[in-house]
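Here are some friendly notes to read beside the structure. Take the points in order, and keep the 3D view open as you go.

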Amino acid sequence: MAKSLVLTPFRCTEALILDQPSHQIEIERYPSEYLEVPHHLIDILHPSEEYSVGQFCNDARQATKDILKRGRVPIVTGGTGLYLRWYIYGKPDVPKPSQEVTAAVHDMLVNFETEHDWEAAVEMVVNAGDPKACSLPRNDWYRLRRSLEILKSTGLPPSSFRIPYDSFRENLNSPDVDDFLEDGSSPDIAIQNIETDLDYDFLCFFLSSPRVALYRSIDFRCEDMLSGPNGVLSEARWLLDIGLLPNTNPATRAIGYRQAMEYLLYCSRYGGESSPRDFYGFLNRFQTASRNFAKRQMTWFRCEPIYHWLNASKPLDMILQCIYDAYENETETLEIPESLRMSKDVLDSREASELKIYRSRNRQFVTREDCASVLEWIRSEGCKSEVPCMEGAVV
């Protein structure tokens with residue numbers, strides 16, 4: 001059976017970027033490693049295009065087959081749990097709607113979408129038979145349309161269709177996903193104890209760090225993304241230039257882009273002017289949203305039994321050697337060295353105390369003067385084009 005690594009790329013491999021669709025259309029200058037290791041499913045969409053997890057799963061699986069045909073190892077990277085879950089276990093067997101149903105659903109929702117009346121559209125879908133529509137992210141019109149298409153095609157809501165992952169969980173020789181220990185941690189599930197019927201021999205790793213160190217790293221990364229001429233603010237301005245508004249499609253809901261677009265819209269209302277306080281408020285929202293997403297990731301993957309947890313704060317060469325040895329290991333039992341093992345425990349008392357008093361501590365943007373160049377860019381370039389005003393831009 002062909003092996004597939006779910007992690008991060010190294011030489012003699014091809015990388016398959018499996019992440020939420022908004023991250024597939026980033027307007028970035030690729031670093032040198034993108035040239036050394038072929039990467040797939042990057043820059044495949046225009047930011048205005050919708051892209052479902054089902055479409056992405058099909059493309060990712062096809063890329064995997066192509067990589068294996070070339071005799072290379074597909075390494076799948078990403079942090080969006082649902083996309084990884086469908087990629088590994090398969091998609092729900094939901095029928096494709098007919099053209100007539102698609103057209104009818106379009107007619108039912110088009111006026112709501114044109115008038116930005118999300119609440120009324122959700123109410124209509126809930127009344128049609130899908131109570132879970134009210135839990136969809138705001139302005140996720142694609143998923144709302146898909147829910148109504150399934151209702152019209154089958155008479156059943158999307159939640160009625162069984163997903164392959166559920167069958168996989170039932171075959172585990174392990175506690176149920178909701179069976180946590182008294183201290184809030186999840187029991188370790190040995191990979192060799194899982195009876196699988198998967199089409200690839202997946203070797204999966206979850207890389208994380210102690211929570212405080214992880215949060216600090218995230219904060220620094222957010223700062224890095226604001227530096228330079230091609231940072232997230234520049235990309236956000238481009239999204240506004242092409243007529244998109246924050247939180248209206250997958251690209252503009254992405255963490256970083258949404259906050260940056262809202263900030264630029266706010267600045268445009270005042271002729272491109274922004275105070276340092278406004279800037280630091282935007283940076284804080286960006287960092288907070290990123291940390292919250294990391295917390296949700298850890299919660300999700302804590303319930304995924306197929307992943308081995310590695311401590312990403314350890315030396316990189318040790319981590320890569322561990323992964324390489326695991327891939328070359330022909331036995332069924334995989335033992336992660338104690339020095340690299342990352343605990344799945346929710347929190348110990350010390351870490352919980354540290355998180356209660358955690359505050360962002362920037363290294364690039366600290367004083368009023370540190371953001372002067374960014375504010376000058378906003379004044380001269382960031383709000384140069386005509387962008388639509390949006391009520392409720394938060395600063």
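1. A residue is called buried when its relative accessible area is under 20%, exposed when over 50%, and partly exposed in between (1.4 Å probe, protein chains only). Ser290 is buried, since its relative accessible area is 14%. This serine is found in helix α12; helices here are DSSP runs (H or I, at least four residues), strands are runs of E with at least two, and both are numbered from the N terminus. Leaving aside neighbours within four places in sequence, Ser290 is in contact (heavy atoms within 4.5 Å) with Ile218, Cys222 and Ile255.

2. A word on where the values come from. This is a predicted model, in which local features need pLDDT of at least 70 and side-chain atom pairs count only at pLDDT 80 or more, while totals for chains, interfaces and linings use all residues. Residues are numbered from 1 along each chain as its sequence is written, and side-chain values use heavy atoms, with hydrogens and water left out.

3. A nonpolar core is a set of buried Ala, Val, Leu, Ile, Met, Phe, Trp, Tyr and Cys residues joined through side-chain atoms within 4.5 Å. The largest one has 60 residues, and Leu226, Phe279 and Tyr307 have the most contacts inside it. Helix α12 (residues 276-302) gives the largest share of this core, 8 residues. Apart from it lies another core of 13 residues, including Val101, Leu109, Ala133 and Leu148. In soluble globular proteins, nonpolar side chains tend to be buried together.

4. Not counting residues up to four places away in sequence, Phe279 touches Leu226, Tyr263, Ser274, Phe365, Cys371, Val374 and Leu375. Ring pairs also link Phe279 into a cluster with Tyr263, Tyr280, Phe282, Phe286 and Phe365.

5. How are aromatic pairs counted? Rings of Phe, Tyr and Trp (its six-membered ring) pair if their centres lie within 6.5 Å; planes under 30 degrees apart count as stacked, over 60 as edge-to-face and the rest as tilted. By this rule there are 17 aromatic pairs. Tyr266 and Tyr270 form a tilted one, with 5.2 Å centre to centre and 55° between the planes. Of these two, Tyr266 is buried at 17% relative accessible area, whereas Tyr270 is partly exposed at 45%. Phe279 and Phe282 form an edge-to-face pair, 6.2 Å centre to centre with 65° between the planes. Because they are 3 residues apart in helix α12, Phe279 and Phe282 are separated by about one helical turn. Both are buried.

6. A charge sits over a ring if NZ of Lys or CZ of Arg is within 6 Å of the ring centre and within 35 degrees of the ring normal. The charged end of Arg85 sits over the ring of Tyr165, 3.7 Å from its centre. Likewise, the charged end of Arg61 sits over the ring of Tyr87, 5.2 Å from its centre.

7. Now for the strands. In β5 (residues 201-208), 6 of the 8 residues are buried. Strand β5 runs parallel to β6 (residues 307-311), and 5 bridges join them; two strands pair if DSSP finds at least two bridges between them. Ser208 has Asn311 as its bridge partner in β6.

8. How many disulfides does the structure hold? The count is 0, a disulfide being a pair of cysteine sulfur atoms within 2.5 Å. Cys222 is buried at 2% relative accessible area, and Cys267 is buried at 0%.
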